[in-house]
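Open the structure in your viewer and keep the sequence panel beside it. The tour moves from one selection to the next.

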Amino acid sequence: MASSQTRSLRRRRTEASKPISQPPQKPQIDDDDYRYTVCEECGSGDAADELLLCDKCDRGFHLFCLRPIIVSVPKGRWFCHSCSSQKKLKRFPLVQTKIVDFFRIQRSTEPTQKLNYDSQKKRKRSSSLVMSKKKRKLLPFNPTEDPLRRMEQMASLATALTATGTEFSNELTYMPGMAPRSANQAILEHGGMQRKRATRVLSKEDKETLNLCKSMMAGGEWPPLMVVFDPKEGFTVEADRFIKDLTIITEYVGDVDFLKKRENYEGDSMMTLISATDPSRSLVICPDKHGNIARFVNGINNHTVDGKKKQNVKCVRFDVNGECRVLLIANRDIRKGERLYYDYNGYLNEYPTHHFV
């Protein structure tokens, strides 16, 4: 494995375009030229399979020494921070009309949202304590009351989506040339619906809660979440107010495609949608072109005790009217200011999380 990845790095180096100024004088690069390359950050040449070379200056950097950390070797050309032409993070303007247009907010739905939300609360209060323990119901998120703060929350997400070149979508998208919607059949799940960790059938009440969350977001009632940029983790998500256990955080959305067509997928946010008995029918969600805040919720380090303790969100696949859907749900009470984490290896192993902070 290590030697294969190293060869991949070297092959990209020799295929890098030559400078226009002196093309004839550029000597052919030999693989041996990189035997003594060391990481510019830590000074070590160890872990050569995770030593990434800049396609412009040829300096080396360990994937885990970079900030933010790069989880896997990029399949295209890569430039270090000094050589990158990427501009400073541009904040999305805190202007109501721009935010409304960016998220395609439907203002006319607000009265209905409030009515549904009040009825949901009344129904929960009338439920007995015994019943709630037997079957714990999902809860809708509790939006921030301050309209200006909600705008700041939405602007933080718009900033992250714009910076990553992602168009906002709050639903699964089925694009031409990818998997059609007819391919999303929960019944295809390997082992059937009742297998442990497989797709669960979403109850009628929980479906109403999910629809309520979608309706609130469509009308500008946003989940109390803030997207921030961390030098080590990149974009990450923080709770902007207290979030109760079993609250729906968001649905994981993006372009739906067949897993077999994404074997060389360069993104690091691919999510399992269906793990089918027939591998050719397995589906994944790819949020690099269309997505929402889910793609910025970070994963835990599965290899450390402290990393596992960070988990406060669980990823659950549900059968919703015969189709698979993926929800991120609070698995304990989350305090304001706490960052959100879930287990990237909840269903399939092994996503490389050993360098996660």
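Start with α2 and α5: α2 passes α5 in a left-handed crossing (the near helix is turned anticlockwise from the far one by less than a right angle). Helices here are DSSP runs of H or I with at least four residues, and strands are runs of E with at least two, numbered from the N terminus.

This is a predicted model, in which local features need pLDDT of at least 70 and side-chain atom pairs count only at pLDDT 80 or more, while totals for chains, interfaces and linings use all residues. Residues are numbered from 1 along each chain as its sequence is written, and side-chain values use heavy atoms, without hydrogens and water.

Select Q96, I99, F102 and F103 of α2 with M151, M154, A155, L157, A158, L161 and T162 of α5; these make the contact (heavy atoms within 4.5 Å). By class, nine of the contact residues are nonpolar, two are polar and none is charged.

Next, select α5 alone. Its 17 residues reach 24 Å from first C-alpha to last, close to the 24 Å expected at 1.5 Å a residue (1.5 Å times one less than the number of residues). Buried residues of α5 include R150, Q153 and S156 (buried is under 20% relative accessible area, with a 1.4 Å probe and protein chains only). Show α2, β3 (167–168), β5 (225–230), β6 (234–239) and β11 (290–291): the buried residues of α5 pack against them.

Finally, move to α6, residues 204–218. Buried here are D206, T209, L210, L212, C213, K214, M216 and M217. Just after α6, stop at G220, which takes a positive phi of about 95°.

Notes:
Nonpolar A, V, L, I, M, F, W, Y, C, P; charged D, E, K, R; others polar. Buried < 20%, exposed > 50% of the residue type's maximum accessible area, 1.4 Å probe, protein only.
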